[in-house]
Amino acid sequence: MDEQFPSAPDEDALAVPGAWFRGLHPRRGGRPGPRIKVDGSAVAAVRERFGELEATTPLAEHAGVGPDSAEAARDHLAGGANPHGAAVVAALLAQDAGHRSVDRLAAPLADSWVTEHGLAFAARAFAELSQITWGFPGLRPIEDPDSRAQGRSTAASTKMVKAGARLRALLAAAGDDEYTEAVDALAEHRRTATQRAAVSFLVPTRHDWVDDCFAAPPDAGHEWDFWQLMYASLATPAQVDQATASITAHRYLLWWWDRPLLVTMVDGAGTAVAPLLARALEVGAGEQAIRKNVPEVLAFLPDDGAFQALLDHAGEKHVRPALPAAMKRFPARAFRLLAPAAAGNAELAGRLAEHVRADPGTAAELLPSLPPETAAVVGALIPGHDLLPDAPADALPRPLADPPWLRRGERRPAADPADPLEALPARIPAVGDWADARTLPQIRLRGREDAVPAGAVRHLLTMLAMSEHGAVYAGVELVKEACDPESLTEFAWALFLQWDGNGAPAKGGWALAQLGWLGDDSTVSRLTPRINAWPGEGGHRRAVAGLDVLAAIGTDMALTRLHGIAQKARFKGLKARAQEKIQEVADRLGLTADQLADRLVPHFGLDAGGGLVLDYGPRRFHVGFDEALRPYVSDEDGTRRKALPKPGAKDDPELAPAAYKRFAALKKDVRTVAALQIGRLEAAMVARRRWTAGEFRRLFAEHPLIWHIARRLVWIAEDGGKSTAFRVAEDRTFADAGDGVLTLPESAAIGVLHPAEPAGADLGAWSAVLADYEIVQPFRQLDRAVHALTAAERASRRLDRFQGASIPGAAVHALERHGWRRTSPMDAGLQHALYRELPGGLLVNIRLEGGIPIGAVEGTRLEEIWLAAQAAGDFRPEPHGALPFGDLDPVSASEVLAELCEAVPGG
């Protein structure tokens with residue numbers, strides 16, 4: 001298990017990680033480190049392995065092993081202290097082992113060198129190994145231009161570097177005489193840039209040698225070998241600057257930045273390494289090792305730049321758990337840097353508030369040293385007279401005042417209809433350390449001016465942890481009844497942010513689920529964007545759990561957002577799961593999914609006239625909505641404004657800010673449903689959906705929001721075989737094309753008029769009416785293009801006018817947006833047809849010439865188009881039993897033809 005970085009007692013002191021935290025051991029201040037035992041049996045093991053290799057291919061027959069190298073290798077194998085020979089043997093063994101197995105060879109080689117001839121020899125052997133490359137067609141000197149070919153391996157580009165790391169550890173533990181002997185011996189092995197890097201890696205305390213490396217880096221081809229060794233040898237700010245420039249120019253150098261290397265950098269260069277790590281976080285965002293390890297190390301550094309780097313990336317998944325760790329480790333630094341960053345950032349503002357609540361004493365002490373603007377932000381968050389007092393125990397709901405799980409000896413049987421509070425799990429779950437009751441917002445008791453004490457809050461956390469969807473602990477409902485809903489909702493959201501900000505540990509998944517039990521519409525607005533984003537961050541399961549939260553909240557707003565995800569989500573898996581959830585809710589209510597969607601549109605607090613008055617005290621503004629459901633404001637005299645003005649000095653100090661805030665929230669909330677509702681009505685027109693007269697009045701004509709769309713459309717009433725077109729007038733009455741009052745019979749079926757319907761014959765008159773009233777339609781209705789089948793096409797079972805036509809790839813996707821679907825992929829992943837479901841249980845089908853690869857954006861050719869009856873919802877892959885196109889109603893025919901004309905160039 002990885003060790004955790006210790007807390008530094010002084011925010012500006014760098015605590016040296018104990019045992020170097022699996023970093024690469026350097027020699028500290030001239031003093032030897034802990035002793036390390038060398039494996040003496042490694043000599044025999046290496047000899048045996050090389051014997052097996054030579055039995056297959058004699059030494060002199062290996063490609064790249066010339067006479068001098070073969071002689072040096074034989075000398076070493078015979079017991080001679082020959083560093084070059086040892087390097088040749090090691091390179092041949094590494095080549096034979098292959099890239100994946102070479103790490104098991106590294107440490108035994110190092111130990112065999114030390115056992116036979118001592119540490120100084122072993123260091124020289126590694127330095128010589130750094131000058132040999134291996135791979136097809138054999139060994140090559142590193143100076144050879146062919147050594148830069150792709151696929152060549154070196155001691156620094158493979159896990160053979162572990163041999164050097166082993167020797168570095170042994171050198172750190174060596175006595176002074178042995179260490180000096182090795183350093184003196186290595187002075188003779190600094191011929192090339194890569195060898196100088198290998199030597200500096202072994203003895204990084206020779207800062208002058210490290211400087212020499214930076215002064216003369218290698219030619220192109222071996223940057224990787226050079227820099228991977230140099231990153232582990234950093235000591236000075238100037239060296240760090242050069243290393244920072246290297247990753248900016250060559251991002252691939254970050255591929256192997258594992259935790260030991262990062263800790264080694266900190267161990268060598270201290271806080272000076274912060275700019276390098278911050279830059280790595282920027283340029284290496286795509287590298288798993290960087291995302292995981294760099295934030296952790298930055299959170300350990302007592303440096304403003306390191307902390308700021310975490311703030312700059314605070315919204316990223318892998319940074320979220322590192323930021324609170326840094327805040328706990330460096331509380332003063334967090335106050336100083338977090339306050340300015342929190343301006344305009346709701347997530348950071350929440351973190352700052354938590355931080356102040358967790359340590360108000362430090363916050364108060366620090367105020368005089370903070371810049372005035374920062375001090376004002378922090379000071380406003382310090383609990384004072386506005387902190388509610390703790391409520392007495394007798395005012396708390398029973399599970400908070402006397403938790404039954406703390407009375408195990410007195411517990412009654414869970415099945416006892418006694419008391420649902422006694423129905424406890426066999427094992428009470430532990431609340432994770434990430435949940436800190438002290439930093440969460442206070443929960444005010446309903447109708448009182450006191451709050452749930454911190455100790456009782458911890459009991460609430462336990463109740464939430466032992467609950468799950470469909471089986472919420474009974475005490476949670478008692479808490480909801482006893483507590484102020486708004487403060488409970490804020491508490492729930494802050495708890496979720498604590499969990500999410502600490503890396504969203506799996507065992508704390510209840511912190512997301514509890515939003516469904518304690519949340520409200522404000523929770524819905526906050527959570528929905530995260531649900532939509534999570535699949536793209538590798539969080540599909542969390543997104544699906546978020547859908548359960550929306551369903552559990554169950555308000556019109558929550559189900560509207562759930563329906564929106566089911567219709568518009570970018571990620572297919574999330575979209576499909578949302579559709580399942582919507583269907584579950586609809587089934588429970590005995591409705592179709594469309595009928596449920598009709599009933600889910602929120603009123604948003606609008607008055608019966610579909611408006612809203614924003615009261616600033618001395619002045620008032622009226623809210624209206626345009627054809628796209630965009631809210632606008634007008635003065636009391638009806639003059640429309642470009643925007644709602646900000647509260648001024650003469651406005652009521654309480655009413656005006658509240659009204660301004662309400663309008664901002666209204667714009668945001670309505671924007672999320674506007675496009676969905678407009679699209680839904682257009683789809684209803686195309687599908688010829690019908691509602692009863694009562695449903696039409698309730699869902700459209702009288703709905704305070706939707707009526708703004710309804711009054712801009714022309715509707716059709718069908719009754720007794722007669723069809724009549726009408727509109728909703730400004731006074732909510734119904735009018736015909738001549739502006740005469742129309743009475744809707746209760747038996748009428750109401751729908752959105754499609755211009756291809758017989759009742760749409762007088763489109764010119766309706767266009768004139770809407771123009772007279774300056775009504776702009778939300779989508780193309782009266783001016784919609786109408787297409788019709790020819791007499792020959794109505795009689796035919798094939799639609800020949802498009803047969804053989806080519807369509808571009810973008811047009812295929814356009815058809816899918818209109819509701820066309822691809823068939824399941826067949827051999828080679830090819831999808832051979834498109835189909836579209838139509839009213840009356842019909843399918844229009846298109847065979848694609850040759851098929852198109854799954855998910856591709858390739859163009860294709862329309863080979864054949866036919867109409868068929870839908871069989872149990874399945875697509876018919878062959879045109880057997882094709883129907884005449886005359887079976888299509890005029891609206892479906894018009895829409896299909898319009899979509900195909902749009903898809904086919906020149907159609």
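Predicted model: local features only at pLDDT ≥ 70, side-chain atom pairs only at ≥ 80, totals over all residues.
1. Helix H28 takes in residues 540–553, 14 residues in all.

2. The buried residues of H28 are Arg542, Ala543, Val544, Gly546, Leu547, Val549, Leu550, Ala551 and Ile553. As background, an α-helix has 3.6 residues a turn, so residues three or four places apart point the same way.

3. What do the buried residues of H28 pack against? Their partners are six helices by name: H24 (485–501), H25 (510–513), H26 (515–518), H27 (521–533), H29 (556–568) and H30 (572–589).

4. Directly after H28 comes Gly554, whose phi is positive, at about 70 degrees.

5. Strands S3 (residues 612–615) and S4 (residues 620–625) are antiparallel and joined by four bridges. Within this pairing, Leu612 has Val623 of S4 as its bridge partner. Four residues lie between the two strands of the hairpin, where Gly617 has a positive phi near 95 degrees.

6. S4 also pairs with S5 (residues 631–634), again in the antiparallel sense and through four bridges. Here Gly624 is opposite Tyr632 of S5. The hairpin of S4 and S5 has five residues between its strands, and the residue with a positive phi, near 60 degrees, is Leu629.

7. Taken together, S4 is bridged to S3 and to S5. In a regular strand the side chains alternate between the two faces of the sheet.

Definitions and conventions. Residues numbered from 1 in each chain as written. Heavy atoms only, no water. Expected span 1.5 Å × (residues − 1). Buried < 20%, exposed > 50% of the residue type's maximum accessible area, 1.4 Å probe, protein only. Contact = heavy atoms within 4.5 Å. Pairing = 2+ DSSP bridges.
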